[in-house]
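Open the model in your viewer and switch to a cartoon display.

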Amino acid sequence: MKNRVLIFLLCVSIQSFAQQKASYNVHSHNDYAQEFPFWEAYIGGASSIEADVFLKNDTLFVTHTEDEISTENTLDQLYLQPLKKLSEEGKLRSLQVLIDIKSDAETTLEAVIKAIQSQELAHTDQLTFVISGNRPAAETYKNYPDFIQFDYQDLEDLDQVDLSKVALISVNYKDYSVWNGFGNMVAPELKKVKAAIAKAHAVNKKFRFWGSPDTKIAWTRFADLGVDFINTDTPGEAVTYLKTLDQNTYVNTQKIEVYQPEFQFDYETTPVNVILMIGDGTGLAQITSGQIANGGVLTVTQLKDIGFSKSASTDDLVTDSAAGATAMATGTKTHNRAIGVGPDDQPLQNITEILGAKGFATGLVTTDAIDGATPASFYAHRKERDDAQGILADLKGSEIDFFIAGGKSKAALLPDSYLIKDLTDFNTINEKTAVYVGDGKVPSIADGRGALLPNSVKQSLQILENTKKPFFMMIEAAQIDSNGHANNTSGIVQEMLDFDQTIAEVLKFADKTKNTLVVITADHETSGFGIISGDLKTGKLHGEFLTTNHTGIMVPVFAYGPQAQNFRGAYENTEIFDKILKALHP
């Protein structure tokens with residue numbers, strides 16, 4: 001035990017987060033049962049640590065019962081000495097030490113007081129010593145030293161007790177609910193739980209449930225309900241989880257308008273125009289998050305022709321955006337990081353080259369930089385996605401008539417065949433046109449982008465319609481992916497709602513022309529995003545993440561317009577290319 005404690009002492013000096021107070025207070029229940037008592041909870045960031053003590057032969061043993069006493073596990077060795085060392089080294093942070101007395105209340109408490117005083121911890125500002133378990137009568141609390149406070153365990157007589165020495169009110173959770181920490185509490189039990197918390201807070205005391213469920217969902221529920229100390233047997237995990245709770249919870253305060261598609265097109269006719277919309281990193285959970293935030297409805301979920309795309313690359317089950325977009329742009333799977341080249345790094349003909357040669361106008365609109373992996377796959381041929389100079393050079397021989405994107409910081413690399421314009425001056429594609437709306441990526445919704453994407457798409461569609469030529473346009477909502485990598489629920493939802501508004505503009509155009517095929521999909525899913533809980537009425541949801549990377553799960557495909565029926569089913573991502581060309585040449 002001593003060697004293991006020494007290892008943890010070393011960790012204290014290098015883990016700065018141990019000195020930071022968590023947003024939500026975690027109580028390490030039955031701390032003596034941890035592999036590293038005290039240290040595991042302290043380094044993990046717990047705000048309260050419980051030491052069960054039993055007085056035997058004038059020694060305070062840390063144990064739940066007398067039968068379980070281990071002679072090396074004393075209160076002094078496991079808890080008080082480490083606290084003294086941290087205090088002497090100036091590393092002690094604020095901590096509640098809850099001493100749960102298992103032997104006689106009065107004699108054991110006297111021994112506890114002497115032990116704290118002997119280690120010179122009685123007047124340490126960072127420490128709060130709270131006595132729980134077997135306690136003396138409440139009317140005697142005032143007789144004990146100032147550094148000793150108590151854990152009161154009755155909510156029914158708070159108006160009859162002197163609470164000046166009470167630091168905490170704890171009650172048995174099972175007296176209020178049988179909920180096991182999965183799903184939700186039933187309404188009557190939730191009401192009782194809320195009432196219990198409210199009683200403690202009404203007398204300005206902190207509150208804890210003991211015997212409570214110990215799951216992520218339970219931690220979330222108790223945090224939301226305002227439980228001051230959340231009981232757990234895995235303090236480090238709970239602290240880490242709760243630190244991300246606010247970031248992973250989002251409440252949508254402004255709903256977006258949902259467009260109802262008309263479905264007045266003829267499925268059997270040949271489309272004139274094709275619009276491919278790619279929500280980078282967008283799986284079913286990302287779409288569902290937007291749906292929940294918007295009260296249960298989105299424009300994209302009004303569509304009826306739905307399939308699934310298998311996104312694996314040639315060298316990995318989990319594709320990157322380069323290989324994923326190349327598969328859709330060329331109809332050929334390739335290795336990760338490849339832009340418009342096959343597994344042998346030889347150039348592949350892409351859909352803009354094929355259609356541009358047949359008289360189609362072509363354009364790209366993205367919230368990424370124009371040399372980002374997804375837009376680049378529709379014009380460039382490079383084996384490395386970070387080869388910005390080579391990728392941008394490939395615009396010179398491309399069929400791309402215009403783009404609206406970020407990447408202005410690299411504008412010097414843009415071929416002189418493109419005329420750079422502001423968005424307000426963009427009204428024709430008589431010459432090849434570059435519209436930059438950001439130095440790197442386009443600003444995010446969180447950073448004030450507003451309705452730039454749906455508005456610029458609407459503007460582009462008007463310009464394309466005026467050309468009197470068939471067209472192909474790829475639209476990318478790139479920052480759903482960015483926020484997935486950052487494990488940022490609010491960012492995912494905000495960017496998803498923006499994408500859905502853009503989808504609405506596209507479907508309005510499709511209904512106006514009745515000759516436009518719209519395909520909405522993703523290159524891959526990012527982060528293994530999952531929705532843990534939510535509320536359709538308030539637009540609130542709590543998301544969780546498996547990873548900061550992409551995942552290998554299938555992504556949805558939605559289609560609308562002539563030949564949309566061909567996009568049903570589950571198929572490889574390369575078939576999106578094949579199905580589009582087949583739709584244009586049935």
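Begin by selecting β10 and β21, residues 540-544: 3 bridges join these two strands, and they run antiparallel. This is a predicted model. Now show the side chains of Tyr250 and Leu541; Tyr250 stands opposite Leu541, which belongs to β21.

You now have an open sheet of 3 strands in the order β10-β21-β20, with antiparallel pairing. Which strands are at the edges? They are β10 (249-251) and β20 (530-535), each of which pairs on one side only. On average, neighbouring strands in this sheet are turned by 20° against each other, direction ignored.

Keep this sheet on screen and select residues 284-293. This is helix α8, which packs on the sheet and touches β20 and β21. The direction of α8 makes about 10° with that of β20.

Strands of a sheet pair through backbone hydrogen bonds, and the pairing is either parallel or antiparallel.

Now move to another open sheet, formed by 10 strands. Select them in the order β15-β16-β14-β13-β17-β11-β18-β23-β12-β24; the pairing here is mixed. Colour β15 (419-421) and β24 (569-572), which stand at the edges. Each has a single partner strand, so one side of each is left without a neighbour in the sheet. Neighbouring strands of this 10-strand sheet are turned by 20° against each other on average, direction ignored.

For the last stop, zoom in on β12, residues 305-310, and β24. These strands run parallel and are joined by 4 bridges.

Definitions and conventions: Residues are numbered from 1 along each chain as its sequence is written. This is a predicted model: local features need pLDDT of at least 70, side-chain atom pairs count only at pLDDT 80 or more; totals for chains, interfaces and linings use all residues. Side-chain values use heavy atoms; hydrogens and water are left out. Two strands pair if DSSP finds at least two bridges between them. Axes are lines fitted to C-alpha atoms, for helices over the stretch in contact, and angles run from 0 to 180 degrees between N-to-C directions. Contact means heavy atoms within 4.5 Å.
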